[in-house]
Amino acid sequence: MIGIIGCGASGMMAAICAARAGRQVTVLEHNDRPGRKLAVTGNGHCNLTNDNQTQEAYRTADPEIASRILATFSKEELLAFFRQIGVLTRDKNGYWYPYSGNAQTVVAALSAEMKRLGVRVLYGADTQSVIRLADGRYVVRAQVGSEMREMTFDRLVLACGGPAGDKLGQSDFGFRALRRLSVAVSNYAPALVPLQLDNPHSKMIAGVRMEAEVTLRADGAEHSERGEIVWTEYGVSGIPVMQVSRFASMAFKAREAASRGMDSGAYGRYAADASGRESGPVTITIRMMPDHTAEQIREITEEMLTSARFASEAAASVLGGMADAKIVRWILLLAGVPEDAACREISPDTRAMIADLFTRIELPVTGVRTYAQAQTTCGGVPLTEINPETMESYRCRGLYITGELLDVDGTCGGYNLHWAFATGAAAGRALGENR
Ligand SMILES: Cc1cc2nc3c(=O)[nH]c(=O)nc-3n(C[C@H](O)[C@H](O)[C@H](O)COP(=O)(O)OP(=O)(O)OC[C@H]3O[C@@H](n4cnc5c(N)ncnc54)[C@H](O)[C@@H]3O)c2cc1C
């Protein structure tokens, strides 16, 4: 008998693959329905996978092992699997979604396939502990309603995800259980998450969306992304910010661990040095007009502010063609220009400063937002802890680990679900072959 904890993306895939090979499978899920997180992915549209399967899309301390695992479940295989269970898919510029555009279609199809195969799913079953018996079997204690149930399984899959997400049933139970079973778990932290900034003027620009290039600097490395950012009261969000956020998250986690005298685990390599001394602040640089060079921005600013036609008009309104009015007011404030100053009152040095601010603004990052605002978890079980063909723990034989619990976090674009399905399939197939 196989037990699977978690009826999410990787748990359902593992259950289906094992049951297809004739195994008896029981899934324990503490929510009252399957795939609650899956059902909200991609803003309810579910970005399943991506054409562009590069190593860089999957962030991990062990990229070679991640690539080996991913090679066992290609994008084509994933799409064929969904077609087989009745989910047609469509491609939007390399990003794959269910044809219906509705994540619930994916959840319903996985759930229906489990039912067809006779997989038993216990909803409302909140797993509280996992114990490994001397004979290698696993005892799972789960609160089901008012009753505490004990179930024994020959093999167990931990597919209970990480703490990222908001009120979707997510938890860090998996990491806690694994540590108790003596499986190594490196520090884990929120990823694909907005950033908190030290910006005294954040309130005046909150809500503004704009195209920008962002560059995060943390512990001597730089990571850049381009796209639409959103300024918020606490800092900044938007896809490019989320994409680079894990490097800030890792830097802060490593420092926190080092300051507590703890092993900074997989994050060690990102820490300033072994003693945990900080290697400078974490910062983000925003290029607001990413399709213009610094020279072009300087020319435009000069042209606007020195034109005879605009000389007596307020600089704030004349520069309104370059950015949102709130951003222009912020830049003038930073350059020390009074809000109602006319163009002709602005000195050449101040004009140069305004052009520089349009070109790049650097702000200190003070932290990342909480798991509730994160889409995934970085860190977790190092890939060196598992057999990459089966997902079985080297330390705890008969225990399989999938999805977000493993030290791989994908970038936005369907990579996290691809990873969850790929690892679920690897575990389920191995269980089916009795490996
Ligand atoms: C808002 C949001 C949007 C996202 N959009 C995308 C996207 O478009 N594309 C993409 O690739 N990725 C996306 N992701 C990430 C993706 O959803 C996850 O990476 C993926 O679901 C992880 O799969 P998993 O099987 O590891 O865990 P999950 O899918 O989270 O499943 C874990 C299951 O275990 C259950 N569980 C937890 N603890 C217990 C317990 N103690 N007892 C019993 N059950 C338990 C949970 O309720 C859950 O059902 C998004 C995430 C969020 C939060």
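Axes here are lines fitted to C-alpha atoms, for helices over the stretch in contact, and angles run from 0 to 180 degrees between N-to-C directions. Everything below comes from a predicted model, where local features need pLDDT of at least 70, side-chain atom pairs count only at pLDDT 80 or more, and totals for chains, interfaces and linings use all residues. Residues are numbered from 1 along each chain as its sequence is written.

**View 1. α1 alongside α12.** The axes of α1 and α12 come within 7 Å and cross at roughly 30° (helices, H or I, of at least four residues and strands, E, of at least two are DSSP runs numbered from the N terminus). The two helices are therefore roughly parallel, the word for angles under 35 degrees. Look for A9, S10 and G11 among the α1 residues that meet α12, whose partners include L417, A420 and F421 (contact: C-beta atoms, placed from the backbone, within 7 Å).

**View 2. The shell around the ligand.** Here 40 residues surround the ligand, and the closest are G6, G8, G161, G169 and G403 (near: C-beta atom, placed from the backbone, within 6 Å). By class, the shell has 15 nonpolar, 20 polar and 5 charged residues. Its largest share, 4 residues, comes from α12.

**View 3. α8 crossing α11.** The axes of α8 (residues 294-306) and α11 (residues 348-359) come within 9 Å and cross at roughly 135°. That makes α8 oblique to α11.

Definitions and conventions: Nonpolar A, V, L, I, M, F, W, Y, C, P; charged D, E, K, R; others polar. Parallel < 35°, antiparallel > 145°, perpendicular 65-115°, else oblique. Contact = placed C-beta atoms within 7 Å.
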